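Dear colleague,

I am handing over the structure we spoke about, and below it you will find my notes on what I found. Please read them with the coordinates open.

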Amino acid sequence: MKIQIAIFVVCLALLGGCGRPVPKVWTDLPTAESLLERLHFAAESRQSVDTEAHVSVNLEGKYVSTEQFLLAQKPARLRADVLTGFGQLIMQVAIDNDYLSAYLNTTVPGKYYQGPATQENLSRFVRIPLEIKDLVSFLLYAPPLIDYNRANVAAQDDMLVLRLFHDAYRQEIVFDPALRMIESRYYWDKDLQLQVNYANFNTQHNFPKLLKIEVPGRLMHLTVAMVQPSINAEIADDQFRISAPQGALIETL
């Protein structure tokens, strides 16, 4: 009986092992050029996104979590309608390349702002230390590439890492075994400046519904969890310009 039990346990162990995914072993590494071409093709195929999202920001120890409706369009168009957890609209911000318009619904009457989309003006509404064009690229699953003069590819466990170099700058782009980009890291010398992670890919567009951005030097963590994102949605131009509601206090930035 003991021998039979032992055999039964061994069989279960073998069956359990058969269900585990086999780690990919890279025998022939793709070239840096082929991976870069893959990135460029994918980036060009995504020009806009329209989505509901759960957005949380932890900036220098201050944590905020909101529900948002997000529109993003290349190269530098972004709109965020920000709601409380109870569904109350508290803020609308729209950037149309170099023009900014915003409405704050936190006072009575509300306040409407308009002016150039400078970094100083943006910081009043978007507390994220990133250029809008870069943030739009991250949202569209197309992290900007540094101006590199050297590139190589290396295997790291069952992942691939594409490394781009330019003097003290370095960018590392991580691909999973299915050659989906899941991470992009930016370095100055040995110091990590910015890290972007992607996960929760949908099957229709192979598009990540979860985006995480970390800026270590600013103690900033941003998480965007998208809900059924619509890729390459037709977005009217006027969606990136907010009009002043009737009775709002108007201020020119």
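I begin with a turn: the hairpin of E9 and E10 has five residues between its strands, and among these residues Leu179 takes a positive phi near 60°. Please bear in mind throughout that this is a predicted model. The hairpin formed by E10 and E11 has two residues between the strands, and Asp189 in its turn has a positive phi of about 60°. E10 itself is mostly covered, seven of its eight residues being buried.

Part of the setting of E10 is helix H2, whose buried residues pack against strand E7 (150-156), strand E8 (159-166), strand E9 (169-175) and strand E10 (181-188). The residues of H2 that are buried are Ala32, Leu35, Leu36, Leu39 and Ala43. Seen down the axis of the helix, the buried residues of H2 fall within an arc of 100°, so they line one face. An α-helix has 3.6 residues a turn, so residues three or four places apart point the same way. As for the geometry of H2 (residues 32-44), its 13 residues should span 18 Å at 1.5 Å a residue, and the C-alpha atoms at its ends are 18 Å apart, which agrees.

A further set of strands involves E1. Twelve bridges join strand E1 (residues 48-59) to strand E2 (residues 62-73), the two running antiparallel, and Ala53 stands opposite Gln68 in E2. Between E1 and E2 the hairpin has two residues, and Glu60 in the turn has a positive phi of about 50°. E1 is also joined by ten bridges to strand E13 (residues 220-231), which runs antiparallel to it, and there the bridge partner of Val57 is Leu222 in E13.

Ser56, which lies in strand E1, counts as buried at 14% relative accessibility. Setting aside residues up to four places away in sequence, Ser56 touches Tyr63, Val64 and Ser65, and also His221, Leu222 and Thr223.

Which residues have the most contacts inside the largest nonpolar core? That core has 61 residues, and the ones in question are Phe125, Phe138, Leu162, Ile213, Leu222 and Val224. Val224, when residues up to four places away in sequence are not counted, touches Ala53, His54, Val55, Leu70, Leu139, Lys209, Leu210 and Leu211. There is also a second, separate core of six residues, which includes Ala94, Tyr99, Tyr112 and Ala248.

Leu211, one of the residues that Val224 touches, has its place in strand E12 (residues 208-215) and is buried, with a relative accessible area of 2%. Leaving aside neighbours within four places in sequence, the contacts of Leu211 are Phe138, Leu139, Val196, Asn197, Tyr198, Leu222, Thr223 and Val224. By way of scale, Leu211 and Ile90 are 121 residues apart in sequence and 23 Å apart in space, C-alpha to C-alpha.

Phe138 and Leu139 belong to the buried residues of H4, which are Ile132, Leu135, Val136, Ser137, Phe138 and Leu139. Helix H4 (residues 132-139) is thus mostly covered, with six of its eight residues buried, and the helix is followed by Tyr141, whose phi is positive, near 60°.

Finally, a word on confidence. The mean pLDDT of the protein is 88, and 90% of its residues reach 70 or more. Confidence is highest in E9, at 97, and lowest in helix H1 (residues 2-18), at a mean of 45. Over residues 5-17 the pLDDT is below 50, and beyond near neighbours in sequence this stretch has zero contacts in the model. Where pLDDT is low, the predicted coordinates should not be read in detail.

With best wishes

How values were computed:
Residues numbered from 1 in each chain as written. Predicted model: local features only at pLDDT ≥ 70, side-chain atom pairs only at ≥ 80, totals over all residues. Heavy atoms only, no water. Core = buried A, V, L, I, M, F, W, Y, C linked by side-chain atoms within 4.5 Å. Buried < 20%, exposed > 50% of the residue type's maximum accessible area, 1.4 Å probe, protein only. Contact = heavy atoms within 4.5 Å. Helix = DSSP H or I, 4+ residues; strand = E, 2+ residues; numbered from the N terminus. Expected span 1.5 Å × (residues − 1). Arc of directions from axis to C-beta. Pairing = 2+ DSSP bridges. pLDDT = per-residue confidence, 0-100.
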